Amino acid sequence: MTKTDVVVLGGGPGGYMAAERAAQGGKSVTLIEKRALGGTCLNEGCVPSKALLNSAKLYEHALHGEAFGVIAENVKIDHAKVVKRKGKVVKALVSGVGSTMQANGVNVVMANGYIKGKTADGFVVEADGKEYAGENLILACGSEVTTFPLPGLEEGLKSGYVVTNREILSMETLPKKLIAIGGGVIGLEMASYFAMIGVPVTIIEMLDKIAGPTDREISQILMKNYKKKGIDFKLSCKVTAIEADGVCYEENGESKKETGDLVLWATGRRAFTKGVGIENLGVEMNRGAVVTNEFMQTSVKGVYAVGDINGKIMLAHTAYREAEVAVNNIIGKKDVMRYNAIPSVIYTNPEVASVGETEESAKAKGIDVKVAKVSMRMSGRYMAEVEKGDGICKIVVDAKNNTLIGVHMIGSYTSEMIYGAALMLETHISIDHLKELVFPHPTVSEVIREALFEVK
Ligand code: NAI
C-alpha cells in the first residue's frame, strides 16, 4: 500500500490542477489516471478543437481576402495535415502536464482506479493491482457523452457512422455531408470547422434556438453567420432514429429524414461515475452527479469532487478553480467557490463570449434589470479588421445596485476580452466607477466601455 496525504482520481484539468496545488501546499499526492493526462479538455475537447478551428479560420481568411486587398490563388486545406498538427499540439501539452506533475513530486499512476472505500489507512483506491491510500480523496473523474435509447444510435456508434467529440477530432478523411445532432457548443464548434473547410453540414436541434443558454439575440446573429457559411438548421426538431444513411426526425409532428455520410452525436455530457467504486464511499448523488457544497466537499468528510463529475458547470476553467478551492480547504485555508462570474466561450467564427446573467435569466430570477446594447462597429479596430461585421455587446445591469451582472458578446477577440468582464462582475463595482476605466484604443474591448455609457 502506498500512502499519501491526498489521492486524486482523474487527471483532467480538475485533477491535475488539484494535484499540482496540493503538492505546492506541502501535501504528498498520488494522481491516478486511466487514459491520458489532460483528460477530455486536452485530448479530445477544448484544445484540439481550437487547433482545428484556427486552421479553418486561416483558410477562410485566405479564401475571402479580396476585400482586404489579399488575393490568394489555389488556396487549399489539407485536413489530414490539420489533424496531424493538432496531434502535435496535444502531445506537447499533455507532456507538459506530465512534467508539471513530476516537477511537483506528484506520484502519477497511469491505470484505472477503483475506490474500495474508507479504512484505517484512509480512502483506498486500487489501481493496477496496487492500493493507494489518502487522508483526503479528490474525485475528478470528468464526464462522458450522454446517450439514451434511440433506435440506431448504438449500432451507429459501433460502426463508426455516428461519432462523438472524441472520434471526430481525429478523423483523417472528410465526410461528404455531416449531420450534427445537437446545436450546443460541440455541435456548433465542429459544424463551424467542417463548414468553413467546405463540408455541407446540417444541425438538428430540439430547442427553438442554438447555443443553449446564450442570449437569444446573440444566438440568432450566430445562426445568421452560420447560414452564410452554408450550415443548414433544423430547429425544434426531435430526432427519432438513426438509419444507415441518415437521421430521422420529427418537425411539427411530421416525420422527416436528413441524409448524410457522417453523424456527430453532440447532445450533452453527464458526470462520469460508473465503475469507479463511488458507491463504496456512500457520497450523496443527484441525477448521477456527486453533490458538493461551496467548499467542494461531498457529503463524506475528507472526500471532495471537482470538475464535470459534480455536474455543476462542465467547463475546464470551472474545474481549475474548484480544484483550488478543494485543495485550499484541505490545507486549512478557507476558500469558497463562486459560480456567478464564470465566463463561457464558443470558439466559432465569429466568437461568442458571455459571463453572468442574460436579460432572460435575470428576469426569471426576479431581478430588476437595465440592458444596454452596442454594435461592435463602434470599435475602430473592429471596423478596420472585419468586413460587414454584425457583432454586438450587450450588458445586463442590476438596476437596484447599479452593478453589472451580465456581459454577452459576439465578434472577434471576445474570447480574450471576457475575463475583463468577469472581473467587473466579481468586484461588484458600480457602473459609474466602471465608466472611469481607461480602455486601450483602438481595441474591440472598447465596446464594453461604450455599452456602459448606454446604461440609462
Ligand atoms: P450542450 O449541452 O452544449 O448541447 C447539447 C445540445 O443538444 C442542446 O442544445 C440540446 O438541446 C441538444 N439536444 C439534446 N438532445 C437532443 C436530441 N435528441 N435531438 C436534438 N438535439 C438534442 O452539450 P455538448 O455540445 O454536447 O457539449 C458538452 C459539454 O462540453 C458542455 O457541457 C459544454 O459546456 C462542454 N464544451 C465546452 C466547450 C467550450 O467551452 N467552448 C466546447 C465543447 C464542449
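These legends walk through a few close-up views of a predicted model.

Some ground rules come first. Numbering starts from 1 along each chain as its sequence is written, and side-chain values use heavy atoms, with hydrogens and water left out. Since this is a predicted model, local features need pLDDT of at least 70 and side-chain atom pairs count only at pLDDT 80 or more, while totals for chains, interfaces and linings use all residues.

View 1. Helices here are DSSP runs of H or I with at least four residues, strands are E runs of at least two, and both are numbered from the N terminus.

**View 2. N and O atoms at the ligand.** Look for Glu-205 here: a side-chain N or O atom of this residue is 2.6 Å from an oxygen atom of the ligand. Gly-268 uses its backbone instead, with a polar atom 2.9 Å from a ligand oxygen. At Val-345, a backbone N or O atom sits 2.8 Å from a nitrogen atom of the ligand. On its own, the ligand has 850 Å² of accessible area, and the protein covers 81% of that (Shrake-Rupley method, 1.4 Å probe).

**View 3. Helix α3 meets helix α7.** The axes of α3 (residues 46-63) and α7 come within 9 Å and cross at roughly 35°. Those axes are lines fitted to C-alpha atoms over the stretch in contact, with angles from 0 to 180 degrees between N-to-C directions. On the α3 side, the residues in contact include Leu-52, Leu-53 and Ala-56, and α7 brings Glu-189, Met-190, Ser-192, Tyr-193 and Met-196; contact means heavy atoms within 4.5 Å. The residues of this contact divide into seven nonpolar, two polar and four charged.

View 4. The bond from Asn-349 to Pro-350 is cis, with omega near 5°, and Pro-350 lies in the loop between β20 (344-346) and β21 (352-356). From His-441 to Pro-442 the peptide bond is also cis, with omega near -5°. Pro-442 belongs to the loop between α13 (431-434) and α14 (446-453). Ala-211 isn't a glycine, yet has a positive phi of about 60°.

Terms used
Polar contact = N/O pair within 3.5 Å; in protein donor to acceptor, adjacent residues only side chain to side chain. Nonpolar A, V, L, I, M, F, W, Y, C, P; charged D, E, K, R; others polar.
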